[in-house]
Amino acid sequence: MKILCYGDSNTWGYNPEDGHRLAKPWTVVLQELLPADKILTDGMCGRTAQGTLPTISGSDGQKAFFRRYTNDSFRADWLILMLGSNDMANYFSEREASDTAEALRRYIQAFRGVPTHADANVLVVAPPPIGDAVRTHPIFGEYFDERSIEKSQQLAAILKGKATEEQASFLDAGKIVIPSQIDGLHLTEPEHRKLAEAIFHVLIQNI
């Protein structure tokens, strides 16, 4: 089984302590839990569900996803999609959580629109809400504010509805993990393991 994991810095494995890549982000742990399967990781720091952050080239996740994975040259049995936190940045101040959820719906539709993926399984993972620590962080405090936190708290419920409509599996990561107290955005390695184990249980229940 081939599993594509598509997301942002929490899929890439950003370490909130120093910005380096963690040794075992959730995708690596998932590979350990599913040794017979192939985990394909496509995570990028700053990636959005839609739109480009002006400080991060190539951050429009939708453009990259459509280019790479909505054609006959790519094949996967599962798509695990975890995006949305960066769409809460104050640069996208006019964007609501519902806009982000609708953008993620388009990923599912485009992925399954390819004949080889017509019957593919999709797991939508709602990222955990952004924590208050982001507001005082020396880097991320510039990009996220109180409104960002509020919108991030709304995303899971809306996204669950979109996933249900698209007959996709859904996991609310906010019920399983919490972002680091350092930056309010990124997961520590123990939290990555919790997330991997939760995703693993969803997968094995749907195989």
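Trainee: Does Gln 62 count as buried or exposed, and at what relative accessibility?

Mentor: This is a predicted model, and in it Gln 62 is found in helix 3. Buried means under 20% relative accessible area. Gln 62 therefore counts as buried, its relative accessibility being 16%.

Trainee: Which residues of helix 3 are buried, and where do they lie around the axis?

Mentor: In helix 3, which spans residues 61-69, the buried residues are Gly 61, Gln 62, Ala 64, Phe 65 and Tyr 69. Because they cover an arc of only 165° around the axis, they lie on the same side of helix 3.

Trainee: Which exposed residues does the face turned away from the buried side of helix 3 carry?

Mentor: The buried residues of helix 3 pack against strand 1 (2-7), strand 2 (38-43), strand 3 (78-82) and helix 4 (97-112). On the face turned away from that buried side, the exposed residues are Lys 63 and Arg 67.

Trainee: How far from a polar atom of the side chain of Gln 62 does the backbone oxygen of Ala 103 lie?

Mentor: Leaving aside residues up to four places away in sequence, Gln 62 touches Thr 48, Ala 49, Gln 50, Ala 103, Arg 106 and Tyr 107. For Ala 103, the distance from its backbone oxygen to a polar atom of the Gln 62 side chain is 3.5 Å.

Trainee: Which residue has a side-chain oxygen that reaches the backbone nitrogen of Gln 62 at the start of helix 3?

Mentor: The backbone nitrogen of Gln 62 has a side-chain oxygen to within 3.0 Å of it, at the start of helix 3. The residue that supplies this oxygen is Asp 60.

Note on methods:
Residues are numbered from 1 along each chain as its sequence is written. This is a predicted model: local features need pLDDT of at least 70, side-chain atom pairs count only at pLDDT 80 or more; totals for chains, interfaces and linings use all residues. Side-chain values use heavy atoms; hydrogens and water are left out. Buried means under 20% relative accessible area, exposed over 50%, partly exposed in between (1.4 Å probe, protein chains only). Helices (H or I, at least four residues) and strands (E, at least two) are DSSP runs, numbered from the N terminus. The arc is that of the directions from the helix axis to the C-beta atoms. Contact means heavy atoms within 4.5 Å. A polar contact is a pair of N or O atoms within 3.5 Å; within protein, one must be able to donate a hydrogen and the other to accept it, and residues adjacent in sequence count only if both atoms are side-chain atoms.
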